[in-house]
Amino acid sequence: MPKLQHDFKQPIEIADSIYWVGMYLENDPFQCHPYFIKNGDESILIDPGSMLEFNETVRKVKSIADIKSIKYIVLHHQDPDLAAAVPEIEKLIDRDDLLIVTHSRMSLLIKHYLVSSDYYEIDKHDNQLITSSGFKLDFLTTPYCHSPGAFVSYDPKTKTLFSGDIFGGIEESWEFYADTTYFEKAKQFHQEYMPSKDIFNYALSKIEKLDIELIAPQHGSIIKKQYIQNLITDMKNLDCGLYIEEKYNRELLDTINELKEKEKTIQERDRQLFEQSKRAEMGEMIGNIAHQWRQPLAIVNTIVAILKEKNSVGVLERDEVSSKLDTMEKRVVYMSDTIEDFMNYYKPNKDKSVFSIYTALNKALEITNYTKDSTKIKINIRGDKELNIYGLMNEFVQVIVSILSNIYDIIELRSIPDIKIDILLQKENEDAVLSISDNAGGIDADILPKIFNPYFTTKHQSMGTGLGLHIAKMIIEDHMDGKLQAENNSFGATFTIRMKNE
């Protein structure tokens, strides 16, 4: 027989207007504790228990208030030691507005006790309950401790935590209030009833953030403030559930080691792919620079040839020399600016920001020389030019360049004389959408699913590495949380970039 600290024939007020209304079960290490919160005609009964405690719980509640004053019954999980007496208590309360406060994952099970009242499902009410008098309970979900919909209740006024099964104990020598030895008494209960250390620690990390004066568990002893932090620390280091199964523990360690090895392999593969992608970017940059320089170099070369020829026959005039030098200077400045643009474009920039899609599009068109007055390729831009997105502007420009370069390569391969590129900017729901369509004949159906695969290309080796579109897709989907897709239209192909509009 344990040394009892209280006369358990009467309710015990553990905090302002909060009462323990249970009973001491002699020679039973599994003590169950219902609690009553006195709150006018909207009083709250918490975890009323089974029929073993029914008579005593009802008697104690009646000694504090009219039992019909109870408007809410909080059930932290669905086990019979907590919920079995509810149908009989409902009959005594006899209120049409009585509500069973629980989680939606548990109301489906609680109804099998033949509970007849309506449910107040916490996950559908912002995890809180506020009565008309202003009394408030906050609810913190603690999934799988030890029920999928398990939760704890916190009274911010008295700083009391009603913890359900968490912090419960199995005690041969039971005491109403916990002392420094309580962890040893609670350890077995948690080892056997909490499913795993990870799940239990997730619940404890939520609870630890609260300012708690008192913990009132459904089992075991009530815990005062001075013991709470040390108890939580000890609980966090406790192996429980699957972790105390030797076979599982061994398999878990083997799995962790296997995952570490796979992670190393993936990191090495990503490193190699990154290096290859940078080489591909460099090759693409050099190719684009060569494309940009070809025309001004041809012009400069022609001017030099003309000047040399006229000079050799003595017909070169001073004004003509000045005019030709001016033209050559403009071409050289243009070529210098091209180098600067490409250096800035390929410079790593990992600081995300909000930017204009239209601005990024124009930068890409300048880099690829796809100007709107081009005689070979007609560009039509339409739609909402005010769309903004959040991400990496230089990388977004790189994506558009890759798409446009892919179109240009198709044009060259197929010798298509009149190319039209239709670019549409539009907002769809919360997304900003950029579509780039061409009339270059489309992508073969058997090739279309593969175009974003690494190293896949239908071009000659001198024209591409097969990484451009793969890198473009990684930029949009892995770096910027968007989507990049390709499909055929009536005349060619359409590439669509979809991102959240800012």
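Here are some friendly notes on this predicted model, point by point.

1. First, the ground rules. Residues are numbered from 1 along each chain as its sequence is written, and side-chain values use heavy atoms, with hydrogens and water left out. As this is a predicted model, local features need pLDDT of at least 70 and side-chain atom pairs count only at pLDDT 80 or more, while totals for chains, interfaces and linings use all residues.

2. On the overall build, the chain has twelve helices and 20 strands (DSSP runs numbered from the N terminus: helices are H or I of at least four residues, strands E of at least two). Of its 502 residues, 47% count as buried (buried is under 20% relative accessible area, exposed over 50%, partly exposed in between, with a 1.4 Å probe and protein chains only). Among contacts (heavy atoms within 4.5 Å) between residues at least 6 apart in sequence, 69% join residues at least 24 apart.

3. On confidence, the mean pLDDT (the predictor's confidence in each residue, from 0 to 100) of the chain is 83, and 83% of residues reach 70 or more. Strand E4 has the highest confidence, at 98, and helix H9 (residues 318–346) the lowest, at a mean of 69. Please take care over residues 460–466, where pLDDT stays under 50 and the model has nine contacts beyond four places in sequence. Where pLDDT is low, the predicted coordinates should not be read in detail.

4. Ser43 is worth a look: this residue sits in strand E4 (residues 43–46) and is buried, with a relative accessible area of 0%. A polar atom of the Ser43 side chain lies 3.0 Å from the backbone nitrogen of Asn39. Beyond its neighbours within four places in sequence, Ser43 is in contact with residues including Phe36, Ile37, Ser69 and Tyr72.

5. Gln31 belongs to the loop between strands E2 (18–20) and E3 (35–37), and is buried too, with a relative accessible area of 0%. A polar atom of the Gln31 side chain lies 2.7 Å from the backbone oxygen of Leu25. Leaving aside neighbours within four places in sequence, the contacts of Gln31 include Met23, Trp174, Gln218 and His219.

6. Finally, the lining of the largest cavity includes His76, His77, Cys145, His146 and Asp165. These lining residues divide into five nonpolar, six polar and one charged (Ala, Val, Leu, Ile, Met, Phe, Trp, Tyr, Cys and Pro count as nonpolar, Asp, Glu, Lys and Arg as charged, and the others, Gly among them, as polar). A cavity here is a set of points on a 1 Å grid over the protein atoms alone where a 1.4 Å probe fits but cannot get out, and lining residues have an atom within 4 Å of a point.

Definitions and conventions: Polar contact = N/O pair within 3.5 Å; in protein donor to acceptor, adjacent residues only side chain to side chain. 1 Å grid on protein atoms, 1.4 Å probe; cavity = no way out; pocket = protein on both sides within 12 Å on 5 of 7 lines; lining within 4 Å.
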